[in-house]
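Below is a short note for a colleague who has not seen this structure before.

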Amino acid sequence: MASVPLLTALHGGSDRPDALRVDGRACSYEELLGAAGAVARRVSGREAFAVEAGASLETVAAVVGGLLAGVPVVPVAPDAGPDERAHVLRDSGAELLPVDFAERADFSAAVDDAGEPDAGGGRPALVLYTSGTTGPPKGVMLSRAAIAEDLDALARAWEWTADDTLVHGLPLFHVHGLVLGVLGALRVGSRLVHTGRPTPAAYAAAGGSLYFGVPTVWHRVAREEAAARALSGARLLVSGSAPLPSPVFASLAELTGHEPVERYGMTETLITVSARADGPRAPGAVGVPLPGIATRIAESADGIGELQLTGPTLFDGYLGRPEATAAAYTDDGWFRTGDIAAIDPDGTHRIVGRASTDLIKSGGYRIGAGEVENALLAHPAVREAAVVGAPHTDLGQEIVAYVVADGVSASELTDFVASRLSVHKRPRQVRFLGELPRNAMGKPQKRLLPPL
Ligand code: MLC
Ligand code: AMP
């Protein structure tokens, strides 16, 4: 198999001392390659390894090190509770690797001209854990070929070049912050400023040309007029991971002078549809399919239905779950996104909802209702639990738990969930009911839950 170099610009070599800045610490490409080389040496020969993926140079070095060595990297959310962390490590078989950025090694002798090995022998580059409607998170296997295709398509769509300075403050254990936000910069060669947290003040101070954010970040920027106005010197503001509310689109356009570019994606498919830097942008519209991506709307009378796709950016399946992988595709081989969409006559895609209410998006994080319900049911006082996403101006959706329980308070239950799962999986509201509404078959009916 021919090698597929992924981090072309990193190997091509800018000699800027601050090519990369993560949460206040800067490094050059040479320093990053040295630290990544040390990681590559340590993991070489392993099946996979995990890294605690905080917003740090260590996380970047670990991921690049895995790519250099051709060993799959499993980023773990730093705030993952013990249950979630244990699940990810057990399911992936990966051990957590502590990383010391000061440790340096030259790994270039072990790799080919492109600075990377032969596609890791067909193994995934990354395994990213993401929630489904039920059960614990599944590991999504992403190949370096899929990542390379996606980043190149996005670079073309956004006219993203080495002259850009990319700014964002997104988590480094998901597609948005890690694949686009870090590997994208190292492939294209743009300077990267990761702000640690994506606060409006940090975005305003960073002086970038290209900004990434989830809608919650853009909502917060749009609320702080001075910070928003400071982005007027940028070239492109990109929003994704959840629907960007129309009022936020309008405020950003007014305060920054830039209509944001919206793009749509999933962990399993990477980014597949996007507005273009040289094309129209409209609230509620996520643009057109990237080159190589084919989309269709599943049969429906009114042209609104499940969005299905095929293309070179799709995942290699869920780790160790062939049935779940097969179930994600239609019989004729299209990936079922579970998102409800419409396609305008000019090809513009609009995401109008989700097929299942059991996948919640809060602050851009994907949260399975079933995982939170199981965490609640593990509490001895809880007899029944139903978790839903309720509309929320800042977060898009907030997690609301309806429980049947005795002798326990709402805050005890949220703390209990937080002690097992990541912070953002905590219910924001807990409602106590005498019983859950059920249909004649005895199945809980979330549609019939009392309004908040
Ligand atoms: C949270 N908090 C709670 C709570 N939940 N407190 C009590 N009860 C609860 N239920 C605490 C938090 O710990 C935090 O505390 C404070 O409340 C504020 O929390 P928040 O409102 O959630 O804000 P914040 O922590 O600032 O996070 C917002 C955010 C974050 C936007 C920065 O949600 C985020 O990083 N989202 C990005 C997700 C993402 O990258 N998704 C991409 C998936 S890939 P404290 O003490 O810490 O202040 C993908 C593909 C694609 O989707 O298309 O891109
Ligand atoms: P994740 O796997 O965390 O990447 O979540 C993927 C989901 O995020 C998709 O299935 C969509 O529901 C949602 N999503 C991503 N981008 C957008 C967008 N621009 N507009 C609406 N929903 C989006």
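1. Buried area here is the accessible area, taken with a 1.4 Å probe, that two parts lose on being put together, summed over both. Between domain 1 and domain 2 this area is about 1800 Å², and carbon and sulfur atoms give 42% of it. Asp79, Glu84 and Ser131 supply 26% of what domain 1 buries against domain 2, more than any other three residues.

2. This is a predicted model, in which local features need pLDDT of at least 70, side-chain atom pairs count only at pLDDT 80 or more, and totals for chains, interfaces and linings use all residues. Residues are numbered from 1 along each chain as its sequence is written, and side-chain values use heavy atoms, with hydrogens and water left out.

3. Domain 1 covers 20-343 and domain 2 covers 359-448, with bounds from an automatic or database domain assignment. Their centres, taken over C-alpha atoms, are 28 Å apart. Domain 1 brings 27 residues to the contact and domain 2 brings 22 residues, where contact means heavy atoms within 4.5 Å.

4. How many salt bridges cross the interface of domain 1 and domain 2? The rule (a side-chain nitrogen of Lys or Arg within 4 Å of a carboxyl oxygen of Asp or Glu) finds four. Separately, Glu268 forms a salt bridge with Arg366, and the closest N and O atoms of this pair are 2.8 Å apart.

Key. Chains lettered and ligands numbered in written order.
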